[in-house]
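The entries follow the order in which I looked them up.

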Amino acid sequence: MKNIIEVKNLTKEYKNLKAIDDLSFEVHEGEILGLLGPNGSGKSTTINCILSLLKFEKGTIQIFGRPMAPNAYDTKREIGVVFQDVAVFEELTVEENIDYFCGLYVNDKSLRKQYVTDAIELVGLNEFKKFYPKQLSGGLLRRLNIACGIAHKPKLIFLDEPTVAVDPQSRNNILDGIEQLREKGATIIYTTHYMEEVEILCDRVIILDKGKVIASGSPEELKELANMEEKVSVEIETITEKQLEEIKKLKNVDEVHYHNQNLIVIYKKGKNNLITLIDYLGKERVLYDKIYSERPTLNDVFLELTGKELRD
Amino acid sequence: MLFHNYKYALKILFKNKMLIFWTFAFPLILGTLFQMAFSDIEKEEKLQTIPIAIVKLSSDQNSMVPEIFEHLKNGEESMFDISYQDEKGAKELLEDKKIDGYLILSEPLKLVVKENGINQTVLKFVTEEILETEEIMKNVVMLEMNKADTLDEQFYQSIYMKIEKWKQENQIELNNISNQNLSYTMIEFYTLIAMTCLYGGILGLYLVNQNLANQSANGKRISVSPTQKGKVIITSALAGYTAQLIGIALLFFYTICFLKIDYGENILFIILLTLVGCFAGLSLGIMIASVFKTNENTKTGIVIAFTMLCCFLSGMMGITMKYIVDKNIPILNRINPASMITDGFYSLYYYDTFGRYFFNVISLLIFSIFMLALSIKSLRRQTYDSI
């Protein structure tokens with residue numbers, strides 16, 4: 001598979017702090033690569049280094065097989081960036097903003113007009129194209145931010161936490177839009193600390209912590225790193241110590257906790273563990289209200305690897 | 001691409017209400033207030049001759065002071081209406097408000113006034129000038145005496161020549177504060193133009209700030225585009241300059257057509273000074289945008305505060321300040337862009353020669369180049385240690 005980005009031994013320091021520590025990875029053509037990590041893990045710094053916005057102490061970066069540099073204008077022409085901070089002009093309408101930023105890449109006026117229309121369509125801002133940014137809600141503003149970054153139809157797109165603080169409707173719209181971009185052949189680097197988005201969107205994930213890669217692979221491969229297979233939560237009003245002990249002895253059970261009328265049973269492996277538990281509770285005539293079964297998430301993987309939550 | 005950026009930069013400026021207020025509306029409002037506040041004072045000032053008395057301590061007392069006061073003109077009229085009195089008579093005249101003050105030709109010269117007002121201020125200013133220059137002259141004489149081997153005819157001739165020279169210089173100096181030059185309204189309007197030129201820096205500041213990756217989110221987005229940073233900054237600065245010129249043209253139009261301000265006849269020189277003044281304002285804005293690492297509102301505040309300070313020192317809030325600075329810290333007015341602009345207009349209006357005018361134009365250009373030189377390192381930078 002063709003590599004679109006190759007980062008080798010990237011190191012970036014801020015005085016005594018290593019923001020990125022000997023980082024190496026590749027991004028393959030047509031994939032969505034998720035950069036996952038808590039705040040301050042080095043995701044945005046990595047992107048800024050790749051884009052030649054930040055100086056770095058060590059390492060090499062190649063995009064489309066060419067070294068990346070501030071004056072690599074041909075390379076930049078094929079890149080679209082959506083930064084974490086909304087970057088639009090308050091004085092321009094939705095349509096004008098997209099046209100302005102698209103104009104930095106595309107000179108042909110009629111082609112640009114078409115691109116602007118496509119971008120507005122993609123992010124679902126048709127009704128709002130004459131609106132000014134301050135008239136838009138947070139979610140719509142994020143959509144505009146995305147449209148400004150991708151209107152010129154780039155081959156490589158960086159999306160740096162594009163769904164921070166947006167409403168569910170806008171989030172779904174944004175995620176749908178990203179899927180569409182992938183279908184049209186774009187390669188996407190997606191940074192977030194929302195593991196659910198990574199699981200939905202990404203073909204491959206790199207988990208960063210303190211500027212280092214602590215795990216990488218597909219979401220499914222990563223989940224296998226978690227030291228559990230299934231977690232069952234049951235709302236129970238009362239349960240005896242003896243019953244808890246007996247649950248612990250059920251097949252595949254690793255841990256049992258009862259706290260605030262909530263029973264949590266963690267299974268090391270196996271499927272259909274829920275049925276065994278329900279059978280036991282029925283036989284013992286233990287009254288329960290709600291019952292949930294969860295598979296391990298990337299947060300569990302992160303917890304397993306670092307001992308802390310992704311959103312810490 | 002260049003026109004694309006220029007067009008949008010202009011659009012951004014003209015849709016920004018805060019920028020429009022400071023650079024377009026505020027000078028018009030201030031101009032109207034100046035006209036309302038100073039036009040009456042100006043009328044009174046032009047008509048008035050200041051009545052004073054001079055008290056000679058002896059009839060044969062020889063002093064150049066009365067001669068100097070008699071020489072000072074208010075247009076065709078004498079600036080002072082002088083009567084010679086004994087001290088008692090002068091005191092009575094002052095009590096009866098028939099004179100604004102009297103001078104006693106004692107050693108040193110003594111001025112007596114009873115009230116505060118424009119006439120008293122002028123009288124005090126002239127007296128202080130005389131005392132100061134007299135002191136200088138005494139020092140010259142003492143120096144010459146110490147140098148001379150003998151007090152012969154040549155020595156006296158030399159002293160006489162120096163005194164004559166002093167008298168001539170003194171005359172020029174005092175003429176500079178004659179009534180024609182105390183035109184409050186004109187000085188206020190010159191400082192108003194200077195203020196508008198420098199406020200224009202806010203426009204350049206805003207646009208350049210939007211182009212720098214380490215200063216704004218838009219700057220990051222522009223920096224990762226394939227458009228050369230230099231081109232974006234130059235077209236943005238050009239748009240800022242265009243908006244500045246439109247603003248200043250509007251101010252001239254308003255003050256000439258509605259407030260009936262007469263800026264003189266040297267229209268080409270006025271245009272040149274305005275162009276250079278606006279360029280100085282633009283350079284100031286670019287420097288503050290690129291060198292200061294703080295948020296945009298703070299930077300705008302810096303431009304406004306700096307401009308107001310410069311205008312204050314060049315006489316916007318009172319003409320006396322300009323003279324105080326000229327007299328005590330002249331270097332301050334040499335490096336103050338508002339003073340350069342004000343003084344450029346002043347010299348066009350009051351002098352027939354252009355030496356002082358061009359000195360100010362060149363000083364403004366040097367100021368602008370210095371500002372741009374300070375900015376160049378930040379403007380050229382393409383990658384940053386942190387953003």
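Entry 1, a helix pair. I found that H5(A) passes H6(A) in a right-handed crossing; a crossing is right-handed if the near helix is turned clockwise from the far one by less than a right angle, and left-handed if anticlockwise. Helices (H or I, at least four residues) and strands (E, at least two) are DSSP runs, numbered from the N terminus.

I noted the conventions before going further. This is a predicted model, in which local features need pLDDT of at least 70 and side-chain atom pairs count only at pLDDT 80 or more, while totals for chains, interfaces and linings use all residues. Residues are numbered from 1 along each chain as its sequence is written, and chains are lettered from A and ligands numbered from 1 in the order in which they are written.

I then looked up the geometry of the pair. The axes of H5 (residues 138–150) and H6 (residues 168–183) of chain A come within 9 Å and cross at roughly 15°. Axes are lines fitted to C-alpha atoms, for helices over the stretch in contact, and angles run from 0 to 180 degrees between N-to-C directions. The angle makes H5(A) roughly parallel to H6(A), a term for angles under 35 degrees.

I listed the residues that meet. On the H5(A) side they include A:Arg142, A:Arg143 and A:Ile146, and on the H6(A) side A:Asn173, A:Ile174 and A:Gly177 are among them. Contact requires C-beta atoms, placed from the backbone, within 7 Å.

Entry 2, a sheet in chain A. I traced an open sheet of six strands with mixed pairing, in the order S6-S7-S8-S3-S9-S10; strands pair if DSSP finds at least two bridges between them. Strands S6 (79–82) and S10 (212–217) of chain A are the edges, each pairing on one side only. The twist averages 15° from one strand to the next.

I checked one strand pair within chain A. S3 (residues 32–36) and S8 (residues 187–192) pair in the parallel sense over five bridges, and A:Ile32 stands opposite A:Ile188 in S8(A).

Helix H1 (residues 43–50) of chain A lies across S3, S7, S8 and S9 of chain A, at about 145° to S8(A).

I recorded 24 residues of chain B in contact with 27 residues of chain A. The largest share of the chain B side, six residues, comes from H9(B).

Conventions: Angles under 35 degrees count as roughly parallel, over 145 as roughly antiparallel, 65 to 115 as roughly perpendicular and the rest as oblique. Two residues are in contact if their C-beta atoms, placed from the backbone, lie within 7 Å.
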